[in-house]
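Colleague: I would like to go through this model with you. Please show it, and then I will ask about it.

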Amino acid sequence: MELREDRQGGVLRLTVCDRALVKRPQWDEVLAAAGSGTALVALDLGPVEFVSSLFVEGCVRLKRLLAERGQALVLMALSAEHLRLLELVGGSGGLPVVKDAAELRARGARLAARAESPAPRGGVTSEEKDALRG
């Protein structure tokens with residue numbers, strides 16, 4: 001599978017240059033490219049005309065592998081046929097999809113903001129509950 005990389009901030013956009021994706025991919029190249037500092041990996045399928053169910057199953061696996069590393073996956077620029085295939089392949093319902101570069105930037109900004117915000121402390125203290133009650 002031929003990929004073209006574009007990196008902006010913590011977002012790695014990989015444009016798939018193949019016209020057809022008919023087999024389950026090996027993701028070693030993608031995982032290496034998404035090293036540390038990458039919060040979001042986007043597979044841009046805009047140039048792809050045909051996607052097989054094996055490829056979609058591979059995307060489900062990639063999502064899991066990235067999640068284990070604290071990274072996220074989105075699929076980008078899917079055609080109506082690609083979206084229908086996602087509905088049919090088991091486990092692919094959890095694959096996030098963005099329409100275009102603007103949605104990708106917005107999702108990347110949300111992830112960056114979440115990463116910069118302090119971790120939640122846990123529960124609300126009784127003093128905070130009393131203050132909220134007035």
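This is a predicted model: local features need pLDDT of at least 70, side-chain atom pairs count only at pLDDT 80 or more; totals for chains, interfaces and linings use all residues.

Modeller: Helices (H or I, at least four residues) and strands (E, at least two) are DSSP runs, numbered from the N terminus. Residues are numbered from 1 along each chain as its sequence is written.

Colleague: How many helices and strands does the protein chain have?

Modeller: From the N terminus on, the order of elements is β-β-β-α-β-β-α-β-α-β-α-α. The count for the protein chain is five helices and seven strands.

Colleague: Is Thr15 buried or exposed?

Modeller: Thr15 lies in strand β2 (residues 11-16). Buried means under 20% relative accessible area, exposed over 50%, and partly exposed in between (1.4 Å probe, protein chains only). Because its relative accessibility is 8%, Thr15 counts as buried.

Colleague: Which residues does Thr15 touch, not counting those up to four places away in sequence?

Modeller: Contact means heavy atoms within 4.5 Å. With residues up to four places away in sequence left out, Thr15 touches Glu2, Leu3, Arg4, Asp44 and Pro47.

Colleague: What share of the residues of the protein chain count as buried?

Modeller: The protein chain has 134 residues, and Thr15 is counted as one of the buried ones. The buried share of the protein chain is 36%.

Terms used. Side-chain values use heavy atoms; hydrogens and water are left out.
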